[in-house]
Amino acid sequence: MFLAERKRVYEKLHPEAKQGGARGNQHTGAWQTDTMSFCHATAEKFGVSERHVRRMVSAGEMLQSIDAQRLRASDRPITLNDLTELAKIGERDERSRVVDLLAEGKVKSAKDARRTYASENNRGVMPPMNNTEKTWTRLLDAWNRTPKAARRTFLEERGDEVQAVLNEMRGDD
């Protein structure tokens, strides 16, 4: 929120630094400016990337002060990824519920909170997966993207292990 306010003040003091400001070039004859963009100046000052500054500003512009107070009171630290995910939420009810879930420590991340909100409101999004489900999903995705020749090679290498697991599941010894 601090950087969002700082950007607003910076661009008020240096309107030529705004995106789309009148810069011109040697071909158009318009005037040039030596003033850096807010993101460039801030990134340079704090030793971070311009993209990082843009993400922080975007998150800060979206947050309302009541949401920020609730997130600050959370036992779990709120990450930039959480704030970036919050910035994507357009609907006020969803944002409020996600902030509640994060502030109360009921979820690990804003993405998990959004899934929880969606499942609570029958929005067709699955609730958060456990590690086994996540691993299985990645394995299935890799298998589906693998060409037939590579599948054969895999089964030649690991076929005995796969067969042993299948036998174990069937109860065969």
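Student: Hi! In what order do the elements of the chain run from the N terminus on?
Tutor: Starting at the N terminus, the order is α-α-α-α-α-α-α-α-α. Keep in mind that this is a predicted model.

Student: OK, and how many helices and strands does that come to?
Tutor: The chain has nine helices and zero strands.

Student: How much of the chain counts as buried?
Tutor: The chain has 173 residues, and 25% of them count as buried.

Student: Let's look at a pair of helices. How do helix 3 and helix 5 cross?
Tutor: Helix 3 covers residues 50-62 and helix 5 covers residues 80-87; their axes come within 8 Å and cross at roughly 55°. The two helices are therefore oblique to each other.

Student: Is that crossing left-handed or right-handed?
Tutor: The crossing of helix 3 and helix 5 is left-handed.

Student: Which residues meet there?
Tutor: From helix 3 you have His52, Arg55, Met56, Ser58, Ala59 and Met62, and they meet Leu80, Asn81, Leu83, Thr84, Leu86 and Ala87 of helix 5. By type, the residues of this contact are seven nonpolar, four polar and one charged.

Student: Staying in helix 5, I see Glu85. Is Glu85 buried or exposed?
Tutor: Glu85, which lies in helix 5, has a relative accessible area of 9%, so it is buried. Buried here means under 20%.

Student: What does Glu85 touch?
Tutor: Leaving out residues up to four places away in sequence, Glu85 touches Ala110, Lys111 and Arg114.

Student: New topic: the nonpolar core. How many residues are in the largest one?
Tutor: The largest nonpolar core has 13 residues. Among those with the most contacts inside it are Leu63, Leu71, Leu86 and Val98.

Student: Which helices supply at least two residues of this core?
Tutor: Helix 4 (65-72), helix 6 (92-103) and helix 7 (110-120) each do. Helix 6 gives the largest share, four residues.

Student: Why would nonpolar side chains be buried together?
Tutor: They tend to be in soluble globular proteins, as a general pattern.

Student: Which residues does Val99 touch?
Tutor: Not counting residues up to four places away in sequence, Val99 touches Asp67, Arg70, Leu71 and Leu86. For a distance, Val99 and Ile66 are 33 residues apart in sequence and 10.0 Å apart from C-alpha to C-alpha.

Student: Last one: where is Glu16 found?
Tutor: Glu16 sits in the loop between helix 1 (2-13) and helix 2 (38-46).

Student: Is Glu16 buried or exposed, then?
Tutor: Glu16 has a relative accessible area of 18%, which is under the 20% cut-off, so Glu16 is buried. Glu16 and Ser37 are 21 residues apart along the chain, and their C-alpha atoms are separated by 8.5 Å.

Definitions and conventions: Residues are numbered from 1 along each chain as its sequence is written. This is a predicted model: local features need pLDDT of at least 70, side-chain atom pairs count only at pLDDT 80 or more; totals for chains, interfaces and linings use all residues. Side-chain values use heavy atoms; hydrogens and water are left out. Axes are lines fitted to C-alpha atoms, for helices over the stretch in contact, and angles run from 0 to 180 degrees between N-to-C directions. Angles under 35 degrees count as roughly parallel, over 145 as roughly antiparallel, 65 to 115 as roughly perpendicular and the rest as oblique. A crossing is left-handed if the near helix is turned anticlockwise from the far one by less than a right angle, and right-handed if clockwise. Contact means heavy atoms within 4.5 Å. Ala, Val, Leu, Ile, Met, Phe, Trp, Tyr, Cys and Pro count as nonpolar, Asp, Glu, Lys and Arg as charged, and the others, Gly among them, as polar. Buried means under 20% relative accessible area, exposed over 50%, partly exposed in between (1.4 Å probe, protein chains only). A nonpolar core is a set of buried Ala, Val, Leu, Ile, Met, Phe, Trp, Tyr and Cys residues joined through side-chain atoms within 4.5 Å.
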